[in-house]
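Please read the report below alongside the sequence and the 3D view. It goes from the whole protein to single residues.

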Amino acid sequence: MTQDELKHAVAVSAIDYVIGGEIIGVGTGSTANFFIDELGKIKHLIKGAVASSEATAARLKSHGIEVLDLNQVTSIPVYVDGADEITPQGAMIKGGGGALTREKIIASAAKRFICIADESKLVNTLGAYPLPVEVIPMAHAVVARKLATFGGQPKLRLKDGQPFVTDNGNFILDISGMKIVNPAEIEQTINNITGVVTVGLFAQQGASVCLLGTAKGTRMLDFTP
Ligand code: 5RP
């Protein structure tokens with residue numbers, strides 16, 4: 001099976017976690033896009049969706065799914081999103097698509113985070129994938145110097161030769177070469193740096209469930225305490 005076929009398979013499996021008559025939180029990226037396309041088929045069963053990016057909002061709307069502002073919503077039972085890396089304990093690196101801050105906000109508001117990923121994303125130690133950090137533009141150089149003291153190499157994310165700009169108007173530093181053995185601690189430390197908006201580590205609050213696409217079918221990892 002191709003990576004896209006595995007992503008599609010887990011997106012189909014995630015539909016079982018959608019709760020009828022409720023609002024669903026929806027993530028960003030290619031796996032989330034497969035999920036949105038499946039959600040379109042059962043849109044009559046849900047009340048609407050909260051989107052983690054402008055791209056996700058546009059795709060949801062293209063399926064006729066109502067997109068609600070997070071401030072209008074009091075309950076999100078389930079949030080479905082992909083990951084760049086996930087450990088067997090449910091800690092994740094996210095933000096490859098640059099939507100980490102809105103993703104973390106919706107994930108924090110949701111009761112359960114259903115992570116959907118192909119099996120290449122499962123790792124024992126986070127950090128082979130560069131760790132994204134959203135920063136206030138005026139602070140990117142000063143934050144990069146502080147991040148470099150943690151042993152990795154932060155690099156400003158570029159798009160077409162210019163700084164990549166998030167939906168929130170900020171920049172992203174991607175830290176490569178960092179072996180993250182204590183993700184919850186690193187998450188706290190990086191989030192405490194002035195000028196950092198959010199680090200793409202989801203460890204203090206990780207996934208509730210991971211649906212992992214494998215050649216043998218969808219494997220379910222349940223992290224519920
Ligand atoms: C976007 C994300 C994505 O969930 C992550 O990058 C995985 O993307 P994909 O499903 O395309 O592999 O965090 O900010």
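Predicted model: local features only at pLDDT ≥ 70, side-chain atom pairs only at ≥ 80, totals over all residues.

Residues are numbered from 1 along each chain as its sequence is written, and side-chain values use heavy atoms, with hydrogens and water left out.

**Overall build**

The protein has six helices and 15 strands. Its radius of gyration is 17 Å, close to the 17 Å that the globule rule gives for 225 residues, so the protein is as compact as a globular protein of that length. The radius is taken over C-alpha atoms, and the rule is 2.2 Å times the number of residues to the power 0.38. Helices (H or I, at least four residues) and strands (E, at least two) are DSSP runs, numbered from the N terminus. Along the principal axes, the C-alpha atoms fill a box of roughly 50 × 35 × 35 Å.

Of the 225 residues, 52% are buried. Buried means under 20% relative accessible area, exposed over 50%, and partly exposed in between (1.4 Å probe, protein chains only). A contact means heavy atoms within 4.5 Å. Among contacts with a separation of 6 or more, 72% come from residues 24 or more positions apart.

**Helix H2**

Helix H2 covers residues 30–41, twelve residues in total. From first C-alpha to last it reaches 18 Å, close to the 16 Å expected at 1.5 Å a residue; the expected span is 1.5 Å times one less than the number of residues. Its buried residues include Phe35, Ile36 and Leu39. The buried residues of H2 pack against helix H1, strand E1, helix H3, strand E3 and E6.

**Salt bridges**

How many salt bridges does a search of the whole structure find? The search finds seven. A salt bridge is a side-chain nitrogen of Lys or Arg within 4 Å of a carboxyl oxygen of Asp or Glu. The table gives some of them.

| Pair | N to O distance |
|---|---|
| Aspartate 81 and lysine 94 | 2.8 Å |
| Lysine 94 and glutamate 103 | 3.2 Å |
| Glutamate 187 and lysine 104 | 2.8 Å |

Glutamate 187 in helix H6 and lysine 104 in helix H4 are 83 residues apart, so this pair links distant parts of the chain. Glutamate 187 is buried, with a relative accessible area of 4%, and lysine 104 counts as buried at 16%. Asp81, Lys94 and Glu103 are linked in a network of salt bridges. Aspartate 81 and lysine 94 are both buried, and so is glutamate 103.

**Two buried residues**

Threonine 28 is found in the loop between E1 and H2. Threonine 28 is buried, with a relative accessible area of 17%. Its side chain makes a polar contact of 3.3 Å with that of threonine 56. A polar contact is a pair of N or O atoms within 3.5 Å; within protein, one must be able to donate a hydrogen and the other to accept it, and residues adjacent in sequence count only if both atoms are side-chain atoms. Leaving aside neighbours within four places in sequence, threonine 28 touches residues including Asp81 and Glu103.

Aspartate 118 is found in strand E6. Aspartate 118 is buried yet has no salt bridge, and the nearest side chain of opposite charge, lysine 121, is 4.1 Å away. Lys and Arg count as positive and Asp and Glu as negative; His and the chain ends are not counted. A polar contact of 2.4 Å joins the side chains of aspartate 118 and serine 120.
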